[in-house]
Amino acid sequence: MPGRRWRLGASDLAAVPPDGLSRALAGLLRAAGCLAVAGLVVGIAGPYRAGERVTRTGIGAEVSMLIDRSGSMNETFAGRQPSGAEESKAAASRRILGDFVGSRAHDLFAVTAFSTAPMLVLPMTDRHDAVRAAIAAIDRPGLDYTNVGRGLAMALGQFGAASGDASRVLLLVSDGAAVIDPRVQDTLRAAFAKIRPNLYWLFLRTKGSPGIADRPAGEDTPQAAPERHLDLFFKSLRVPYRAFEAEGPEAVAAAIRQIESLERDPIPYVEVRPRRDLAGWAYGFAACGLVLLVLAKLAEVDLARGRAGQGAARAPERRMAA
């Protein structure tokens with residue numbers, strides 16, 4: 001208590017015989033006080049451990065999806081406008097590709113759409129929710145013209161700097177093809193030779209339309225058989241290439257599953273660890289110091305007053321004995 005004085009049996013503290021236990025307790029209390037003050041100061045300062053980016057290795061691929069948005073994609077695989085429970089080729093593709101995204105945790109995806117001109121929908125990212133949203137957003141009716149050359153150029157541009165041995169996949173989803181200008185072909189050859197992705201063409205074939213390998217009855221030209229000549233162009237790129245002909249949603253899903261099983265190479269990915277707040281530890285140490293000080297204060301005893309009280313209690317006993 002403030003102003004309280006203790007009665008001692010010595011005129012000077014220096015004359016008191018040294019007591020190891022008392023010195024140890026005094027040192028402990030000083031340390032507790034320093035701990036309490038230091039903990040409060042550090043806690044108010046808001047300490048934290050900085051976050052970090054850790055590179056790890058998983059199984060997956062970098063997938064650049066190029067999705068056809070020409071007018072024919074709004075039709076069903078039977079070549080008519082959807083009615084009732086029927087799905088258009090575009091709707092079936094969006095649904096199946098949405099299920100494909102996120103099936104493996106470490107895949108990276110980019111989304112590009114094309115019809116008359118290509119459109120960058122989403123750059124390469126590992127945010128699978130954003131990728132699914134980007135695929136679902138491609139639901140506006142497309143135009144009739146298919147400019148696949150410019151679409152391929154933009155889809156190739158989605159791949160960034162080399163990422164070690166990560167597998168790179170260019171997935172073309174289209175129900176037709178168009179003639180690619182020879183000058184654009186040369187540009188694409190150079191880009192494919194530089195990036196060297198695994199190329200997959202998911203050809204959504206309309207019932208009754210020519211297949212990829214079908215030769216025209218007359219002159220075999222890119223104008224007469226654009227799908228066949230696009231396939232020949234892909235085969236001439238000297239990159240791993242495979243075409244899938246799908247005539248229904250089930251065939252599309254089976255092709256996607258097969259592509260997923262083929263692309264199972266190691267891929268580096270970055271794990272971001274958030275910063276960790278350390279103020280709680282500082283306040284905890286301060287609380288420990290304060291608790292020790294409070295306990296020490298509550299344990300203080302006036303020994304002289306205690307002896308006086310004991311003597312007063314024994315006086316009546318001596319008088320009774322006399």
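Predicted model: local features only at pLDDT ≥ 70, side-chain atom pairs only at ≥ 80, totals over all residues.
The buried residues of H6 are Pro226, Glu227, Arg228, Leu230, Asp231, Phe233 and Phe234, and they pack against helix H4 (148-156), E6, helix H5 (182-195), E7 and E8.

In soluble globular proteins, nonpolar side chains tend to be buried together. Here the largest nonpolar core has 33 residues, and those with the most contacts inside it are Met65, Leu97, Val111, Val131, Leu171, Leu202 and Leu204. At least two residues of this core come from each of strand E3 (62-68), H2, E4, helix H3 (128-137), E6, strand E7 (198-204), strand E8 (241-246) and helix H7 (249-262). Apart from this core lies another, of 24 residues, which includes Phe159, Ile180, Ile212 and Leu237.

Leu204, one of the residues with the most contacts inside the largest core, also illustrates the range of its surroundings: neighbours within four places in sequence left aside, Leu204 is in contact with Met73, Phe77, Lys89, Ser93, Val173, Ser174, Asp175, Ala246 and Val252.

## Buried charged side chains

Asp107 lies in the loop between helix H2 (89-100) and strand E4 (108-114). With a relative accessible area of 0%, Asp107 falls under the 20% cut-off and is therefore classed as buried. Its side chain makes a polar contact of 2.9 Å with the side chain of Arg104, and, apart from neighbours within four places in sequence, Asp107 is in contact with Ile59, Gly60, Ala61, Thr125, Asp126 and His128.

Arg168 is placed in strand E6 (residues 168-174), and its relative accessible area of 12% is under 20%, so Arg168 is likewise classed as buried. The side chain of Arg168 is joined to that of Glu62 by a polar contact of 3.5 Å.

## A nonpolar surface patch

On the surface, Leu29, Leu40, Ile44, Tyr283, Leu290 and Leu293 form a nonpolar patch whose accessible area is together about 520 Å². The elements that contribute two or more residues to this patch are helix H1 (20-45) and helix H8 (279-298).

Tyr283, a member of the patch, is found in helix H8.

Note on methods:
Residues numbered from 1 in each chain as written. Heavy atoms only, no water. Patch = residues over 30% accessible without salt bridge, like charges linked within 9 Å, V, L, I, M, F, W, Y side chains within 5 Å. Areas by Shrake-Rupley, 256 points an atom, 1.4 Å probe, with all protein chains shown as cover. Salt bridge = Lys/Arg side-chain N within 4 Å of Asp/Glu carboxyl O. Helix = DSSP H or I, 4+ residues; strand = E, 2+ residues; numbered from the N terminus. Buried < 20%, exposed > 50% of the residue type's maximum accessible area, 1.4 Å probe, protein only. Polar contact = N/O pair within 3.5 Å; in protein donor to acceptor, adjacent residues only side chain to side chain. Contact = heavy atoms within 4.5 Å. Core = buried A, V, L, I, M, F, W, Y, C linked by side-chain atoms within 4.5 Å.
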